[in-house]
Amino acid sequence: MKLTVIGGCGSRSLMLAKSLAQQADELHITEVVFMDIDEKRVHILGAMVKEAFARIAPKVKFGCTTGPKEAVLGAAFIITTIRVGKEESRIMDERIALNHGVIGQETTGVGGFGMALRSIPALLYYCKLIKKYASQDVCVFNFTNPAGLVTQALRDQGYDFVYGICDAPSGFLRQIAALYGTNVKELSVRLIGLNHLSYFTSVKKQGKEMINEILQNPELYTRTDMRYFDPDLAMHLGCMLNEYLYYFYYREKALENIQKTGETRGERIQAINHKMLQELGRYEADKDFDKMLEIYSHYTFLRESNYMQGETSVAREEQSIPKFDLYSEDEGGYAGVALALMRARITGQRGEMILCMPNGETLPWLKKDDIIEVSCDISKEGAKPKPGDYEVPESVRQLICGVKYYERTAAQAIVEHDAGKAADALMLHPLVSSYSLAKSIVKDYFDAYQEYTGGRIWVE
């Protein structure tokens, strides 16, 4: 069975390779292809991934290419994790938004629109190739941000083999499991919302509801990603929050913190990745792999250590920061979400996971084809939202509805090249809430990214 990663030579490439290589035998993966259009990264990180497979899963046929058709040909599973325009465009996303006095965070914030503007046309191209050349029953896992908006656009165009996935919810659950000295597999959870805007409304262990106990545990607010929120907010809402909700519930603080630092997250990441590639480029993976692993691990830790610190002014505890070790047992982080569904489809092993997929009948107050992030039951047949009552406070419901309108309308606007719809979408985004601002922001993003949208004229 062939698995392909489109955008495979990014900064997380070795994390993904580790998960795939360690579980390749169990999942009957015989061939893996990492595809990337950045030749420098293919030469450096692609070579490291090749060596990782040679050491962990030598029976797997591994290839690294810049050719998309070759990459997707006959693939049964495909992971898309691209960053169109690299870090430079991420910085532009953030800076254009900040120039208008709004948060430019690359997924939840206005910067997410800029990223989607570049990502959606590229992914539509890849999906067209996938439909033509991949396996008939191909399954695509989209990691590309903003995952919810992007998956909405791809599904709207008929690519129903695409699921949106994110490692934030599963990573947070591992923190909760560690807090109570248990295995994450022993927890059954209920999560509802949108990607990077989701709420854990239930956590059960052996059938016992724990959510209230967890919310009242002071360590929740020091040892997990709930450190960004005041306990009274969580207890008022009665649920645990995705960390990206910080930008909505503390908007003015987030904006002030970003402006104070004088540097965006994208600028910090660009500097770290540039130094990492510079150092790695001095070595050859077939001769100096262990030294390159040390360098990669160092910069991975550096990248994670200041995660959301500039925006929240809250530092992460050192022990909570993941340290990359190629040979340690895989915890199912970055790739674990995709591998869980793959395992269910291949082996028939039932389980549960969190996915971005069509709402269906789950939330009656959203459209059936709205892409939501939800707890799912998984099996050989695929994934279905867990049945049951997804009750949330009215304020949560209204926030979800507002952001979903933005996502749905923005997805249509980008596909249709409709500037009027784009302005409508951003006008109702809670971090904008202004028609004049929305119109100016849309114009600035379109002017900046004509090369990624085919240079087509947008209609008003």
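In this predicted model, the axes of helices α4 and α13 come within 8 Å and cross at roughly 160 degrees. Axes are lines fitted to C-alpha atoms, for helices over the stretch in contact, and angles run from 0 to 180 degrees between N-to-C directions. Helices are DSSP runs (H or I, at least four residues), numbered from the N terminus. Helix α4 is therefore roughly antiparallel to α13 (over 145 degrees). The crossing of α4 past α13 is left-handed; that is, the near helix is turned anticlockwise from the far one by less than a right angle.

On the α4 side, the contact (heavy atoms within 4.5 Å) is made by E87, E88, R90, I91, E94 and R95. R265, G266, E267, I269, Q270 and N273 of α13 meet them. These residues divide into 2 nonpolar, 3 polar and 7 charged. Ala, Val, Leu, Ile, Met, Phe, Trp, Tyr, Cys and Pro count as nonpolar, Asp, Glu, Lys and Arg as charged, and the others, Gly among them, as polar.

Residues are numbered from 1 along each chain as its sequence is written. Local features need pLDDT of at least 70 and side-chain atom pairs count only at pLDDT 80 or more, while totals for chains, interfaces and linings use all residues; side-chain values use heavy atoms, without hydrogens and water.

A second pair is α2 (residues 39-56) and α14 (residues 285-305), packed at about 105 degrees with axes 10 Å apart. That makes α2 roughly perpendicular to α14 (65 to 115 degrees). The α2 residues I44, L45, A47, M48, E51, A52 and R55 meet A285, D286, F289, D290, M292, L293 and Y296 of α14. By class, this contact has 10 nonpolar, no polar and 4 charged residues.

The model holds 4 cavities of 30 Å³ or more. A cavity is a set of points on a 1 Å grid over the protein atoms alone where a 1.4 Å probe fits but cannot get out; lining residues have an atom within 4 Å of a point. The largest cavity contains about 120 Å³ of space. Its lining numbers 14 residues, with T107, T108, N195, V403 and E407 closest to the centre. Helices α6 (147-156) and α17 (394-416) each supply at least two lining residues. The lining has 7 nonpolar, 6 polar and 1 charged residues.

The second largest cavity holds about 100 Å³. Of its 13 lining residues, E94, I258, T264, R265 and E311 lie nearest the centre. Two or more residues come from each of α4 (86-99), α12 (251-261), α13 (265-280) and α15 (309-312). This lining divides into 3 nonpolar, 5 polar and 5 charged residues.

Methods:
On a 1 Å grid over the protein atoms alone, a cavity is a set of points where a 1.4 Å probe fits but cannot get out, and a pocket is an open set with protein on both sides within 12 Å along at least five of seven lines; lining residues have an atom within 4 Å of a point. Grid points are joined across faces, edges and corners, and a volume is the space filled by probe spheres set on the points. Angles under 35 degrees count as roughly parallel, over 145 as roughly antiparallel, 65 to 115 as roughly perpendicular and the rest as oblique.
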